[in-house]
Amino acid sequence: MTVETALFDLTDRTVLITGASRGIGFAMAEACAAHGARVVLNGRDPATLAAKVEALTAQGYAAEAEAFDVTDEAAAIAALDRIVSRHGALHGLIANAGVQHRVPVLDFPTEDFRRVVETNLTACFVLGREAAKRMVATGGGAIINTVSMLGPITRPTVPAYIAAKEGLRALTRAMAVELGDRGVRVNAIAPGYVATEMNTALIDNQEFNAWVVGRTPLGRWAEPKELGGAAVFLLSPGASFVSGHILSVDGAMSVAV
Ligand SMILES: NC(=O)c1ccc[n+]([C@@H]2O[C@H](COP(=O)([O-])OP(=O)(O)OC[C@H]3O[C@@H](n4cnc5c(N)ncnc54)[C@H](OP(=O)(O)O)[C@@H]3O)[C@@H](O)[C@H]2O)c1
């Protein structure tokens, strides 16, 4: 193997990707699997996950499923324990599961605020803490949190999402600083507008669609698979000295005025 390919080789790494039943999470899982990782796909529906696992194994990749709700702490811990007992270690976690809820701030229900923060922030804390404990015990690992271009910059109607994702950026830095000397790197990926199910309503809205295309220097929405390279990089030996970093994958939208 050449130096260049070894840099991004994930052979023998076991990686759990939450929210991998579709969209960005599945695309990241496929990219990691294509680079040699054994990927564990998470989502809430076992049947959907089984079909996605089948799609990966049919390509010759190592894939399996762990269905659980990321906000269920006991279920998340049980899944991590099963993974470690099956494979001896967990080398990577991509905490990617997330939900959106769009309502004007003055009408935004408290229970929806709590649900979005529970899923997009608190669950990432619990999974990150529990994954890191197991990584520390087995020689280290790498954690990636999926944040968003939104957070430092914002829009109307998404106050819970903004608060959670900005909190997750801060948590990424906090965990990177505290876990560096224990062999765990912690980074985040910040996608711009990606054509996934989460954005179906926005893609179907002609005015919003035109705004995204016009406002993004690369002139289009991202495809989910365009997030795969960032995930592979941050998990790989090529990123061995990269920690506490937020990697934007947004077609330069966040730096355009
Ligand atoms: N799309 C974008 O433009 C964009 C931009 C910036 C950031 N992001 C972030 O990227 C991540 C993925 O977004 P996406 O666009 O791929 O969304 P998506 O197509 O709606 O997929 C969301 C994924 O999260 C899973 N999920 C949701 N709640 C869950 C829960 N409580 N427990 C377990 N899994 C759960 C879903 O699985 P099930 O429904 O099958 O359980 C699904 O696999 C999210 O964190 C999102 O905030 C997306």
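## Ligand site

A pocket, on a 1 Å grid over the protein atoms alone, is an open set of points where a 1.4 Å probe fits, with protein on both sides within 12 Å along at least five of seven lines. A molecule sits in one if more than half of its atoms lie within 2 Å of its grid points. The ligand takes up the largest pocket.

This is a predicted model: local features need pLDDT of at least 70, side-chain atom pairs count only at pLDDT 80 or more, and totals for chains, interfaces and linings use all residues. Numbering runs from 1 along each chain as its sequence is written, and side-chain values use heavy atoms, without hydrogens and water.

## Shell and contacts

The shell around the ligand holds 29 residues (a heavy atom within 4 Å). The closest are S21, R44, Y161, T196 and N199. Helix α2 (23–34), strand β2 (38–43) and helix α6 (159–179) each supply at least two shell residues.

Polar contacts are N or O pairs within 3.5 Å. A ligand nitrogen lies 2.9 Å from a polar backbone atom of V70. A ligand oxygen is 2.8 Å from a polar backbone atom of V194. The protein covers 95% of the 880 Å² of accessible area that the ligand has on its own (Shrake-Rupley, 1.4 Å probe).

## Salt bridges

The count is 11 salt bridges (Lys or Arg side-chain nitrogen within 4 Å of an Asp or Glu carboxyl oxygen). R86 and E64 form one, 2.7 Å from N to O. This pair links distant parts of the chain: R86 is in helix α4 (residues 73–87) and E64 in strand β3 (residues 62–67), 22 residues apart.

Definitions and conventions
A polar contact is a pair of N or O atoms within 3.5 Å; within protein, one must be able to donate a hydrogen and the other to accept it, and residues adjacent in sequence count only if both atoms are side-chain atoms. On a 1 Å grid over the protein atoms alone, a cavity is a set of points where a 1.4 Å probe fits but cannot get out, and a pocket is an open set with protein on both sides within 12 Å along at least five of seven lines; lining residues have an atom within 4 Å of a point. Helices (H or I, at least four residues) and strands (E, at least two) are DSSP runs, numbered from the N terminus.
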